[in-house]
Amino acid sequence: MPKTTASPADNSLQGTICVSGDKSISHRALILGTLAIGETRIDGLLESADIQATIAACQALGADIEKGANNQWLVRGRGANGLTSPAQPLNFGNAGTAARLLMGAIAGNPIKAQCIGDSSLCARPMGRVIKPLTQMGAHFICDSHNDKLPLTMRGTDQPLPIHYTMAVPSAQVKSAILLAALNAPGTSELIERPATRNHTEKLLSLFGAELSCKPIEGGQIITLTGEAELQATHLAIAGDPSSAAFPLVAALLVSGSHITLKNILVNPYRGGLWQCLEEMGADIKKINSRTAHGEEVADYEIKASVLEGIEVPAERAPSMIDEYPILAMAAACAKGRTILRGLAELRVKESDRLQAIAEGLHNNGVAVEVLPDGLIIEGRGGKDNDGKIAGGATVKTYFDHRIAMSFLIAGLAAQNPIRIDDDSMIATSFPDFFSCMAKLGAHFERPSE
Ligand code: S3P
């Protein structure tokens, strides 16, 4: 397989960049546009492989979607109960969000769909959505009877309202249930502890659904009034904080760096990484905070910093669930020990991230201990080695975009080059990764170049 190499940076990172649009909101904007009446206009849509899977699936379910002038995407929807049975299987590729959310939307429509994906997606648990959606009246047959893709599902024209307490903190499962509940009579109620990213709730309100969120001890109750008629709207999607995390940590680790990240989405349920880095001593300034289309957006100024190890509590996990791989790189370069807890969900992401992080760090000279649901990382920061990890090894990415990008960033701040076995899957979430990093002065050796 072609390998990509990150060599120790011989210059600091400087400059200003915007990263691609938020992935979570991009999926939801397309899906809600499909379920709405009229034409939804979307600026800033992420144009990545995962989002292409959602576009193709929404088109197969009957939406008319095209890219118009000035990179604005137009979605002409079918109404919440107007989906049609797709002629071909819906191929969600690597995209868990697309698969789970669209299973929710399909559940509330009297249609049949076959759902397939790549080998990574076919290994991920779907029982967490199948269970509540079955309770609401949908039927599922998994090819291998293991609650995983591939599966065939049949939705219903009479979904039942649901009162459901979430078993795992998952915005994907919550969103699937809310999308199915759009066509159920009466009200549905979801209890989640702790609360997870709330983009579906915010967007449903923007599209005209009647929804309320009430804080409770350690979480929230969401109440949605069903038989909703969603109305098309205009959305502008800000930069993805989960993508911004990579240049952010790169600038902290490469000495002398000073960069600005512009137009980044700020959501209280996605701020865990930024909080950890600040506790570690990172010099990050949030500037120009503003509100756009129901979400906070801001710019960040970041300067290279000496980081210290910290203990990250399990309760913080839902607010930084996608950011542990890159936080682990910051921890490896920090002074002292970092303890990460509450990571059980990392085992069922695009790869077993707990194992992939530990293996990659270990092979590159960092002492790591894997706990049943956590990691202890002995930071290499300090006078002896200039805050640098040894590097020098090839990292197995397990076809996981965030593992790939994290170790490329670590290579910029290592003593020896770090190689990754494949970079093709970075296009699933952050197609502009290499061009953004190049703009800041970071270069990677790629086999295709
Ligand atoms: C997402 C929710 C999270 C996250 C994923 C995107 C979403 O997954 O890891 O990358 O857009 O709802 P879970 O809901 O499984 O935690």
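User: What makes β4 and β6 a pair in this predicted model?

Analyst: Happy to walk through that one. Strand β4, residues 39–43, and β6 meet in the antiparallel sense over 4 bridges. Two strands count as a pair if DSSP finds at least two bridges between them, so β4 and β6 qualify. For a spot to look at, Ile42 stands opposite Trp73 in β6.

User: How do you know that β5 and β6 pair, and what kind of unit do they form?

Analyst: Strand β5 (residues 64–67) runs antiparallel to strand β6 (residues 73–76), and 4 bridges join them. At least two bridges are needed, so this is a pair as well. Glu66 stands opposite Leu74 in β6. As a unit, β5 and β6 form a hairpin with 5 residues between them. In its turn, Asn70 has a positive phi of about 55 degrees.

User: Why are β5 and β16 called edge strands?

Analyst: Start with the strand order. The open sheet has 4 strands, running β5-β6-β4-β16 with mixed pairing. β5 and β16 (234–236) each have a single partner strand, so one side of each lacks a neighbour in the sheet. From one strand to the next, the twist averages 15 degrees.

User: What makes β20 and β22 the edges of the other open sheet?

Analyst: That sheet also has mixed pairing, and its 4 strands follow the order β20-β21-β23-β22. A single partner strand is all that β20 (311–312) and β22 (368–371) each have, so one side of each is left without a neighbour in the sheet. Between them in the order, β21 (residues 337–341) and β23 (residues 374–378) pair in the antiparallel sense over 5 bridges. Within that pairing, Leu340 stands opposite Leu375 in β23.

User: Which helix packs on this sheet, and what is its direction relative to β21?

Analyst: Helix α10, residues 324–332, packs there and touches β20, β21 and β23. The direction of α10 makes about 160 degrees with that of β21.

User: Which residues surround the ligand, and what makes the Ser24 approach a polar contact?

Analyst: The residues around the ligand are Ser24, Arg28, Thr97, Arg100, Ser170, Ala171, Gln172, Arg197, Ile321, Asp322 and Lys349. A polar side-chain atom of Ser24 lies 2.7 Å from an oxygen atom of the ligand. Ala171 uses a polar backbone atom, 3.0 Å from an oxygen atom of the ligand.

User: How much of the ligand is buried, and which elements give two or more residues to its shell?

Analyst: The protein buries 95% of the 380 Å² that the ligand exposes when taken alone. The elements giving two or more residues are α1 (23–35), α3 (96–107) and α6 (171–181). By class, the shell holds 2 nonpolar, 4 polar and 5 charged residues.

Definitions and conventions
Residues are numbered from 1 along each chain as its sequence is written. This is a predicted model: local features need pLDDT of at least 70, side-chain atom pairs count only at pLDDT 80 or more; totals for chains, interfaces and linings use all residues. Side-chain values use heavy atoms; hydrogens and water are left out. A residue is near a molecule or strand if one of its heavy atoms lies within 4 Å of it. A polar contact is a pair of N or O atoms within 3.5 Å; within protein, one must be able to donate a hydrogen and the other to accept it, and residues adjacent in sequence count only if both atoms are side-chain atoms. Accessible areas come from the Shrake-Rupley method with a 1.4 Å probe; for residues, only the protein chains shown count as cover. Ala, Val, Leu, Ile, Met, Phe, Trp, Tyr, Cys and Pro count as nonpolar, Asp, Glu, Lys and Arg as charged, and the others, Gly among them, as polar. Contact means heavy atoms within 4.5 Å. Axes are lines fitted to C-alpha atoms, for helices over the stretch in contact, and angles run from 0 to 180 degrees between N-to-C directions.
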